[in-house]
Structures are given as C-alpha cells and as structure tokens.
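Work through the exercises below with the sequence and the 3D view at hand. Try each task before reading its solution.

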Amino acid sequence: MAQARAIGSIPVANVQELAETFNGSDDQVPERYLVKEASSKEVIVSGDDSISAIPVIDFSKLLDPRSSSEECGKLASACHNWGFFQLINHGVPCEVVGNLMRDVDEFLKQPLKVKKAFSQQPGSIEGYGQAFVVSEEQKLDWGDMLYLQVQPSESRDLRFWPNHPSSFRRSVDVYSSEVAKLSCRLLEFMAKGVGAEPASLIGVFGGQPLTMRVNYYPPCRQADRVLGLSPHTDPNGLTFLRQKDGDVQGLQIKKDGKWFVVDVLNSAFVINVGDTLEVLSNGKLRSVEHRAVIHPRKERISVAMFQFPCQDLMLSPLPEFMTKGEKVRYGSTTYQDFMTQFFSAKLDGRRHVERLKLE
C-alpha cells in the first residue's frame, strides 16, 4: 500500500547505538544530527488557561445525549483552531493499553542485534529503522522507530513483526482493533460538530488501513541541538498517540508561529487531524505542524496509530462539508500520488498539504 512504501534506501546509523556511545564519552553529536532551529525561544509551556492549554475532549460526554451537542462543538473548535486535542474517558481498557506499552518497552530493551532482525528492507518503510531518509546530505532525526501495517490483518507482513515478547502480536492486534472502533466514532462526532452528515466520513475511513509507529527517542547531552522528529504534518486522517503514563514530555505543536508543549494527561490519547481530513473538510478540520524534542537524560517512548482512507480515494473536498456558495480551497489528486510524494521526501512542515491549496 502507498503508506507503507518508501522511495530509496539511504543507510544511516542506529540512533540508540549512537546515543549510547555519545552520551558516555566526550564526543560531539555527528553533524548530520545537529539542527540549528532545534532550540526555540518561542516555546510556550501549556498551562491551565485557555490560551496555552491543549483542548481536552471527554468522550463520555460525546456519547451522552444530554452533553453530546456541546461537546461536539468543543471538538470541532479544537480540530479547527488547534488540530490537536487530548481525549479522556475514551473507553479503551487500561489493560489493553498497558499490555501494548509493556510489550513495546520489552521489545526496545532487547539487544540491538535482535531488533535488527526486523530491519526495514530497501523500498519499504515497514520494519525497524528510520523514515524519510532520502539523501546523503539531509539532517537526521535523533530517534528510531518500528513501523508496521496492522489493519486489516491480511495486510500484515510478519517479517517485520517482533516475536519477542511472545505476546507482542496479540497486544498490537487487540489495541489496534480498539483504536479502529474509537476512530470511527470520533469521525462521526467531528462531522456532526461542523454540520456535516455524521456518516460522511465513515465511507472513506471505515475498515480502512491502520498503521502503527513505535518511536524510541534516546537521551542526548546536546538535546537543544537535535530533534527527535522534524516538524511535519501527518498525511492520514486521524493519528492516535500514546506514551507511558508519567513519561517525559516531548511533543510540541505549532500555533500562531509559536511552539506549544503538550503536557500529556495520564491515560489520555493525544489525537491530531491529518492532511487528508483537512482537505476532505475543505479546511474546517486542520492538520497542524508538530515535532518531537529530546530530553538530555531520559529516553521517551511513544506509539502512534494512523487511520488511513480507502486507497482509491480521489483526494478533494467532500460536498457534505461544503456550504452553499462556499469556495473550494483545495485541488484534487489521487490519494496514491499524495502518499507517494509524502514518503519520498524529507519531513518539511506543512509543505505536503499546502501544495494542494488553491489560495
């Protein structure tokens, strides 16, 4: 599938291995990882006030007929003004999340030679390694990943699926099924929140591909000079991010030219709108630039699930999201072409979605 392909294969150092060497010596970080703009003075720490706090949406209120309309309005506002929100009371059992995070942690703690058995192959992004490495000159991110196609089950390439711990595959299967169900319900409420038919997005995303990216960000003594994940938007529909409760923070989102720190709530999903939803909604739902920063002494582990649309989609604004006389703000392209271009280039802010805008 398009979202699992990569163009080219540039060999790079394993960052975990590099970090272990660098943090235990007086050596400097290799030049390819040093980024001038990694440290920004324009970083806002999220607080409790409405100006800096990332919106929090209560899923139980969305489900309750007495509060659903008001919470739908809050959801629509969060998706338009921030592109991000934290979801609480989402109904995904703590045990399901705990099993996944435990197995991910156990996989990552294995010796490097064991993890390399699941390394990416030329021409594919699936497996253990790095993504968006397209040239010998570009700057590299300070992080490793494991990328897997998880839904539908018949799309899985088990060559890249860890067999230790033995429960890993089961944990991913159960977790991804829960996320898929949650995604469909959220899409209905998002459409309702902006006045569109609630079922309008289900035909596009229901039963469609779901992928998983495990992110491992090792510590770095020069944390202010590297980035764990370069500024970018996600190309898909919705992204569901989880990290271990109590873990160090590292996610930042860009709003009004400033970077906002996301203070992740325990047990919450951090959810963001992707490029596909921005285009389909004619900009009513917005895909927002975000990045991951590094801690000087502590590692950070997160798991992102990406909900994709049907693969034969012609990407353009849906009539259901257009009011009478409203101007079409995005051009059309096949989804396959959009994804091929996304995965064949380095991460670069909002460039991938901006090129579709007509104004």
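**Exercise 1: a ring pair**

Both Tyr 33 and Trp 142 are buried, where buried means under 20% relative accessible area, exposed over 50% and partly exposed in between (1.4 Å probe, protein chains only). The model is predicted, so local features need pLDDT of at least 70 and side-chain atom pairs count only at pLDDT 80 or more, while totals for chains, interfaces and linings use all residues. Residues are numbered from 1 along each chain as its sequence is written, and side-chain values use heavy atoms, with hydrogens and water left out.

Task: Describe the geometry of the aromatic pair formed by Tyr 33 and Trp 142.

Solution. Step 1: rings of Phe, Tyr and Trp (its six-membered ring) pair if their centres lie within 6.5 Å; planes under 30 degrees apart count as stacked, over 60 as edge-to-face and the rest as tilted. Step 2: the centres of Tyr 33 and Trp 142 are 5.5 Å apart, with 90° between the planes, and the pair is edge-to-face. Step 3: Tyr 33 is in the loop between α1 (15–23) and β1 (43–45), and Trp 142 is in the loop between β4 (127–129) and β5 (144–151), 109 residues apart. Helices (H or I, at least four residues) and strands (E, at least two) are DSSP runs, numbered from the N terminus.

**Exercise 2: Phe 269**

Task: Find the aromatic partner of Phe 269 in strand β8 and the charge over the face of Phe 269.

Solution. Step 1: Phe 240 and Phe 269 form an edge-to-face pair, 5.9 Å centre to centre with 90° between the planes. Step 2: Phe 240 lies in strand β8 (residues 238–243) and Phe 269 in strand β11 (residues 269–273), so the pair ties together parts that are 29 residues apart in sequence. Step 3: Phe 240 and Phe 269 are buried. Step 4: Arg 242 lies over the face of Phe 269, at 5.1 Å from the ring centre; the criterion is NZ of Lys or CZ of Arg within 6 Å of the ring centre and within 35 degrees of the ring normal.

**Exercise 3: the largest core**

Task: Which residues touch the most other members of the largest nonpolar core?

Solution. Step 1: a nonpolar core is a set of buried Ala, Val, Leu, Ile, Met, Phe, Trp, Tyr and Cys residues joined through side-chain atoms within 4.5 Å. Step 2: among the 86 residues of the largest one, the answer is Phe 85, Leu 186 and Met 212. Step 3: helix α6 (residues 168–193) supplies the largest share of this core, ten residues.
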